[in-house]
Amino acid sequence: MMRVAVIGLGNIAKRHRRNIKKMFPEAEVIAMSASGRLPGEMICNADYIVSDIQNIIDYTVEMAIIASPAPFHSLHAIPLIEAGIPVLIEKPVTTSVEDAKLIIKAKSKYQVNAGVGYCLKYLSSALFVKKFIESGRAGRVINANIEIGQYLPDWRPNCDYKKSVSAVHSLGGGVLFELSHDIDYAQWLFGRLEIEHALIRNTGGLGIDVEDVADILATSQSGCVVSLHLDFLQRQASRKCKIISNRGALVWDLIKNQVVWSDETGESVLFSDELWDRNKMYLNMLSDFNNKNKSDSFSSIESALSVVELITDIKTKFGIGS
């Protein structure tokens, strides 16, 4: 009997439990809250509920998904790795460079399969954009303007957003860590980034203790200039990437799952599939994690560390303003 552990009881943990049951109908799911608290309510798609990591190890699970708040990821992941249990860690891998390096050290020592849940790279339009750039059809990429914004109180309408992991510093909140998907895919598309400048702000409008807006200017090794805008403020969710090259411009709308190209001949839709089931991103990522022949979309701990290093660099050099 296959057994899989999921640590954390939030929305993303709920999705992972449901997907495990979908992919492995015979599997038993062991659930644990981030704190070890035994919940009073029923936990959907969970066969057993435990209160500590040793209980999970005792169940001899075949894999574990770490979906607790990011500052606790190393605390939960490392004992499992030391027990030889593969771990898929939700993004960001940690909120400190030191913790991420400890996970890498454990993974290397015990030769355990591990990865990070940056699933956006499995979006069908993301795969199209990646292939389009690599094919050379776009020409030489000069600039990329990345934008992601959504009004934080709308994210989880059934809970107090001010107490959510997105809004609390001690739980890894703030746009830089919460919206790090976009930093991750920027490096996936354009190569490792170096930060040139950043403006990190708490506008005060949400009454939270973390940054709610970040504007970043970076350069890639190929000379591409990448600007990123991240915010918790936009009432109509927006997630786009505009790539400017010497042959034209490509606009990738991640919400519409659409790619539009424009050049001297006009504008054309290269890819569009708005009805694509976005849960496939998570299923394909889980399949990759369970498969030793991982695709290019899968995030290693090492690549996720580079995202944490960038964010740490931004916070250290540019702090937070208002």
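## Salt bridges

Lys130, Glu134 and Asp296 are linked in a network of salt bridges, a salt bridge being a side-chain nitrogen of Lys or Arg within 4 Å of a carboxyl oxygen of Asp or Glu. The model is predicted: local features need pLDDT of at least 70 and side-chain atom pairs count only at pLDDT 80 or more, while totals for chains, interfaces and linings use all residues. Residues are numbered from 1 along each chain as its sequence is written, and side-chain values use heavy atoms, with hydrogens and water left out. By the salt-bridge rule the count comes to 11.

One of these pairs is Glu28 with Arg3, whose closest N and O atoms are 2.9 Å apart. The pair links distant parts of the chain, with Glu28 in strand S2 (residues 28–32) and Arg3 in strand S1 (residues 3–7), 25 residues apart. Helices (H or I, at least four residues) and strands (E, at least two) are DSSP runs, numbered from the N terminus. Glu28 is buried, with a relative accessible area of 15%, whereas Arg3 is partly exposed at 23%. Here buried means under 20% relative accessible area, exposed over 50%, and partly exposed in between (1.4 Å probe, protein chains only).

Within helix H9 (residues 301–318), Asp313 and Lys317 lie four residues apart, about one turn of the helix. Their side chains meet in a salt bridge of 3.3 Å, N to O. Asp313 is partly exposed, with a relative accessible area of 22%; Lys317, at 55%, counts as exposed.

Strand S9 (residues 213–220) pairs with strand S8 (residues 193–201) in the antiparallel sense over eight bridges; two strands pair if DSSP finds at least two bridges between them. His197 stands opposite Leu217 in S9. A salt bridge also joins Asp215 and Arg201, with the closest N and O atoms 3.2 Å apart. This pair again links distant parts of the chain, Asp215 being in S9 and Arg201 in S8, 14 residues apart. Both ends count as partly exposed, Asp215 at 24% relative accessibility and Arg201 at 33%.

S9 and S10 are also antiparallel, paired over seven bridges. Bridge partners include Ile216 with Leu228 and Thr219 with Val225. The two strands form a hairpin with four residues between them, and Gly223 in the turn has a positive phi of about 95°. Strand S10 (residues 225–231) runs parallel to strand S7 (residues 141–149), to which seven bridges join it. Gly149 has Asp231 in S10 as its bridge partner.

## Helix H7

Helix H7 (residues 181–190) is largely enclosed by the rest of the structure, because 10 of its 10 residues are buried. Among them are the charged residues Asp182 and Asp184, as well as Tyr185, Trp188 and Phe190. Just after H7, Gly191 takes a positive phi of about 95°.

## Positive patch

Lys14, Arg18, Lys22 and Lys280 form a positive surface patch. Patches are made of residues with over 30% relative accessible area and no salt bridge, like charges being joined within 9 Å and nonpolar side chains (Val, Leu, Ile, Met, Phe, Trp, Tyr) within 5 Å. Areas come from the Shrake-Rupley method with a 1.4 Å probe. Lys and Arg count as positive, with the charge placed at NZ of Lys and CZ of Arg.

Helix H1 (residues 11–23) supplies the largest share of the patch, three residues. Arg18 lies in H1 and counts as partly exposed at 40% relative accessibility.
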